[in-house]
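Please open the model in your viewer and keep the selection tool at hand. The stops below go from one selection to the next.

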Amino acid sequence: MKYTSMKKSFGCLMLLLAIAFGCQPKTEFDKVKERELASGKVVEDLFLDLKFGMGRKEFFGHCWELNKQGVLTNGAHYLQVLYRPEVPSGKEVHMHFYPQFEDDQIYFMPIEFNYPAWFPGNEDYEVEKLMEDVVGLLESWYGEGFFEVTNSNKTARAIVKVDGNRLIRVFKKNITNVRVEILDLRVKDLGDMIKMKEDA
């Protein structure tokens, strides 16, 4: 009899926990992401005519052509391609990128930006100014609609935009670099990407 009573109590506890966790309010980011994915809108554009779904061979060929035109060069960085975009402040900015492939097709584009003229104590080149330049550049490429998200204890901040399947996330990586991640949500979700980083 005691066993049955304990079993019922445990069952009730699990039900209450499921209800409690299931009723957590959705964040603005969750709502936007759900709405955009449900819209069925497909956005494949990245930048410089690179796209989600582009094959590895096509990516290398396209970059080679842009390299011959002087648009792209090889960067001394783990993200191997270097581009120098024009940003709102007019300062020189280095943009390093190199995609990740799933089934030989681009699905994730990590990018890192920095001011090559940065040095400690120079407020004109601090990472907050770089963040403004990067967000301004991205708005010129992808339009308005970027908004801020934070974690539950407000210790981490990012700027995000979701267009259909395309998620863009911007955040300060360290005191000199801003990182941008562009993800095809048809292939992986942001949670999958975070899990991959934790496992790495």
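Select K91 and Y125 first: the charged end of K91 sits over the ring of Y125, 5.1 Å from its centre. A charge counts as over a ring if NZ of Lys or CZ of Arg is within 6 Å of the ring centre and within 35 degrees of the ring normal. This is a predicted model, in which local features need pLDDT of at least 70 and side-chain atom pairs count only at pLDDT 80 or more, while totals for chains, interfaces and linings use all residues. Residues are numbered from 1 along each chain as its sequence is written, and side-chain values use heavy atoms, with hydrogens and water left out.

Now select K188 and Y107. The charged end of K188 sits over the ring of Y107, 4.9 Å from its centre.

Next, the aromatic pairs. The structure holds nine of them; rings of Phe, Tyr and Trp (its six-membered ring) pair if their centres lie within 6.5 Å, and planes under 30 degrees apart count as stacked, over 60 as edge-to-face and the rest as tilted. Y107 is buried at 2% relative accessibility, and F108 is buried with a relative accessible area of 2% (buried is under 20% relative accessible area, exposed over 50%, partly exposed in between, with a 1.4 Å probe and protein chains only).

Y115 is buried, with a relative accessible area of 3%, whereas Y125 is partly exposed at 22%.

Select F47, F97, W141 and Y142 together; they form one aromatic cluster.

Then show the largest nonpolar core, which has 36 residues; F47, F97, V170 and I182 touch the most other members. A nonpolar core is a set of buried Ala, Val, Leu, Ile, Met, Phe, Trp, Tyr and Cys residues joined through side-chain atoms within 4.5 Å. α4 (127-142) is one of the elements that give two or more residues to this core, and α4 gives the most, with eight. Helices (H or I, at least four residues) and strands (E, at least two) are DSSP runs, numbered from the N terminus.

Finish at α2, residues 28-39. Its buried residues are F29, V32, K33 and E36.

How values were computed: Expected span 1.5 Å × (residues − 1).
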